Amino acid sequence: MVWSARQRDHLIGRSLGAGLGVVDGEVVDPPPFPLGPATDGSAGARMGHGDRPHFAPIMEETGVDHRVDAVANAPTDDRVRHGIGAGRKWVGRMKLLVAEDDDGVRQLLRETFAERGLTVEEAWTGAQTLQLARERQPDLILLDVQLGDDDGFALCRQLKADPATAAVPIIFLTARHAVHDRVRGLELGAVDYVPKPFELEELLARVGSALRVKASQDALRARQEELETLVHTDALTGLYNRRFLDERIAQEVVRAQRYRQALAFVMLDIDHFKRINDVYGHSIGDQGLRLLADLVRAELRLTDVAVRWGGEEFLLMLPATDRDGAARLVERIRAQLRRLPLSVDGQAIYLQISAGVTELRAEGDSIDAAVERADQALLQAKRTGRDRVCFG
Ligand code: GH3
Ligand code: MG
């Protein structure tokens, strides 16, 4: 939709018409939009000056937000760089929540930002703002200080106090220009403050800047989560590593003792694994470890933890499970190993395992003592012929 200069003046201030280049009441040549063009060939595409969409670059290929690339003009990730070159479809967008009770201003903002590739949600009451902020997790909220009967400052405080919405940046829009109003908004945690009537160009620049910061924070958070996962994961099997167990085990022991719940430990080990390596090679050995890890994972409950303890040893920690329950779990894994051999050049190789099972004792027990008992029970299983479960 094309706005007349008069409509725009009325809605958002006199200087806007000039800023957008109005001729005979129609917008003909808007100024450069700092965020780049809209990506859908709509009017926004004509309005931009960049040749590359860096407003909402989230690629379909990986299903991962690559909004980090909204941060800089030059994408940093190869997949995204290639994605742009190949003209792939953008499937994700950054989301803006416009909380504004004036229908005209809200409509103008919606059209302006939608044209530029943003997904725009709209709220005209405080309750809607809180609800949409929680449910839709916008990347930015444009918040009117007077939202009908609701006070934008109070809403900002509520949004910042709720962990679900605390990280969403807020830009205040308001006709209240006094310095102390502006300072108050910023002190409440808003990232910016745009007085009404505003110049659209300036608002776009401020929104762009806030979104770039948000995108870089999201990317950092995602990388941090990725790193945390890597730190706790065994690369070969995808099971947890000992570092993770060290952090979780103390928690589980405290919980089990407090609620008088059972907590079982199982030490598993592949029988004659060295032979498999020697006869078929190390990479077939690796496949065997992955197979066992997959079977173990498939049998576990959500609260169970499986750790690659050593080379071909796995430790399982099973909350709310006694030693008989743990032994049954091992039997299920053994049954699966009899069903699912490794296949090497058409030849089936069946893995066998031995296991030591123990349970945390109600009094005077420790993590180290329980793990040691599981280890001793495993040793006994080995000594007494392998391919079996022993209790410790
Ligand atoms: P046992 O029945 O008594 O357990 O005999 P075993 O041959 O399984 O046990 P041993 O401890 O003698 O050998 C374990 C082997 O596991 C030796 C080592 O080369 C192998 N191993 C350890 N880590 C890996 C790994 O990541 N990949 C592969 N392929 N082999 C591994
Ligand atoms: Mg072994």
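1. An oxygen atom of ligand 1 lies 2.9 Å from an N or O atom in the side chain of glutamate 312; a polar contact here is a pair of N or O atoms within 3.5 Å, and within protein one atom must be able to donate a hydrogen and the other to accept it, with residues adjacent in sequence counting only if both atoms are side-chain atoms. The protein covers 68% of the 660 Å² of accessible area that ligand 1 has on its own (areas by the Shrake-Rupley method with a 1.4 Å probe; for residues, only the protein chains shown count as cover).

2. This is a predicted model, in which local features need pLDDT of at least 70 and side-chain atom pairs count only at pLDDT 80 or more, while totals for chains, interfaces and linings use all residues. Residues are numbered from 1 along each chain as its sequence is written, chains are lettered from A and ligands numbered from 1 in the order in which they are written, and side-chain values use heavy atoms, with hydrogens and water left out.

3. Backbone atoms also approach the ligand. A polar backbone atom of histidine 272 is 2.7 Å from an oxygen atom of ligand 1, and a polar backbone atom of histidine 282 is 3.1 Å from a nitrogen atom of ligand 1.

4. Ligand 1 is surrounded by 16 residues (each with a heavy atom within 4 Å of it), the closest being His272, Phe273, Asp286, Arg308 and Arg386. By class, the shell holds eight charged, five polar and three nonpolar residues (Ala, Val, Leu, Ile, Met, Phe, Trp, Tyr, Cys and Pro count as nonpolar, Asp, Glu, Lys and Arg as charged, and the others, Gly among them, as polar).

5. Strand E12 (263-270), helix H11 (273-280) and helix H12 (282-299) each give at least two residues to this shell; helices (H or I, at least four residues) and strands (E, at least two) are DSSP runs numbered from the N terminus. H12 contributes the largest share, four residues.

6. H12 also packs against helix H13 (residues 323-339), at an angle of about 135 degrees and with the axes 10 Å apart (axes are lines fitted to C-alpha atoms, for helices over the stretch in contact, and angles run from 0 to 180 degrees between N-to-C directions). H12 is therefore oblique to H13: angles under 35 degrees count as roughly parallel, over 145 as roughly antiparallel, 65 to 115 as roughly perpendicular and the rest as oblique.

7. Helix H6 (residues 126-136) and helix H7 (residues 152-161) cross at roughly 20 degrees, their axes coming within 11 Å, and are therefore roughly parallel to each other. Glutamine 137, in the loop between H6 and strand E7 (140-144), has a phi near 45 degrees, a positive value in a residue other than glycine.

8. Lysine 196 and proline 197 are joined by a cis peptide bond, with omega about -5 degrees. Proline 197 is in the loop between strand E11 (192-195) and H9.
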